[in-house]
Amino acid sequence: RRILSNPANMPHKADIQIGPLTLSLLVTAVMSQTGEYLGNALEWADVTEKRKMEQQSSAMSKSQAVIEFNLDGTIVTANDNFLACLGYTLDEIKGKHHRMFCDPVWANSAEYSAFWAKLNRGEFDTGVYKRIGKGGKEIWIEASYNPVLRGGKPYKVVKFATDITDQKLKAAEDEGKLNALSRAQAVIEFTPAGDILTASQN
């Protein structure tokens, strides 16, 4: 009350919790034409869903690599997880284009143009992607590119990603070991019914 009784503290913003609802309050001072303080005007809005989304986004940002793009592919910002994954500082990537993380052949392909056209239509894209980190380091990520809408139209893209490089390398190593074993030994695969599926040259 002391804060609200002093017009010098206006405007005053605050969130209040009423049961399951979160309300955003804005209190402004009402002044007369001569500058006399008459009282306060109160505006409020239900921001329950907005605050839930902000909390979810914050939680995801702590556990995942997150980067934001404009619709033309230029980088707006990225969290520490993303920067650590790719080996850059924010100053090194901010304002540059997403293609800096991609294989140059793919970045100049029709498929890449179609990828961004899809995001600009408001359609998300998810999958496993190869990306190039600082110094040419090959990174594999499992990610989703999510267009964010305003007024029903996309205005930016947020990507949430998980670094799966170690899993990819281990899978490739295991495959190599199996191939080496297959070359050294006679290997044959059967169905549960006993039908032959494949057989090595040995």
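I call a residue buried under 20% relative accessible area, exposed over 50%, and partly exposed in between (1.4 Å probe, protein chains only). This is a predicted model, so I kept local features to pLDDT of at least 70 and side-chain atom pairs to pLDDT 80 or more, while totals for chains, interfaces and linings use all residues. Residues are numbered from 1 along each chain as its sequence is written, and side-chain values use heavy atoms, with hydrogens and water left out.

Entry one: Ile-75. I found Ile-75 in strand 5 (strands are DSSP runs of E, at least two residues, and helices are runs of H or I, at least four, numbered from the N terminus). Ile-75 counts as buried because its relative accessible area is 3%. Leaving aside neighbours within four places in sequence, its contacts include Ile-67, Phe-69, Ile-93, Lys-96 and Phe-101 (contact means heavy atoms within 4.5 Å). Lys-96 is 21 residues from Ile-75 in sequence, yet their C-alpha atoms are 5.6 Å apart.

Entry two: the core. I looked up the largest nonpolar core and found 25 residues, with Ile-67, Phe-82, Ile-93 and Phe-101 having the most contacts inside it. Such a core is a set of buried Ala, Val, Leu, Ile, Met, Phe, Trp, Tyr and Cys residues joined through side-chain atoms within 4.5 Å. Among the elements giving two or more residues to this core are strand 4 (65-69), helix 2 (80-86) and strand 8 (153-163). Ile-93 touches Ile-75, Phe-82 and Tyr-88, among others.

I found Ile-16 in strand 1 (residues 12-18). Ile-16 is partly exposed because its relative accessible area is 33%.
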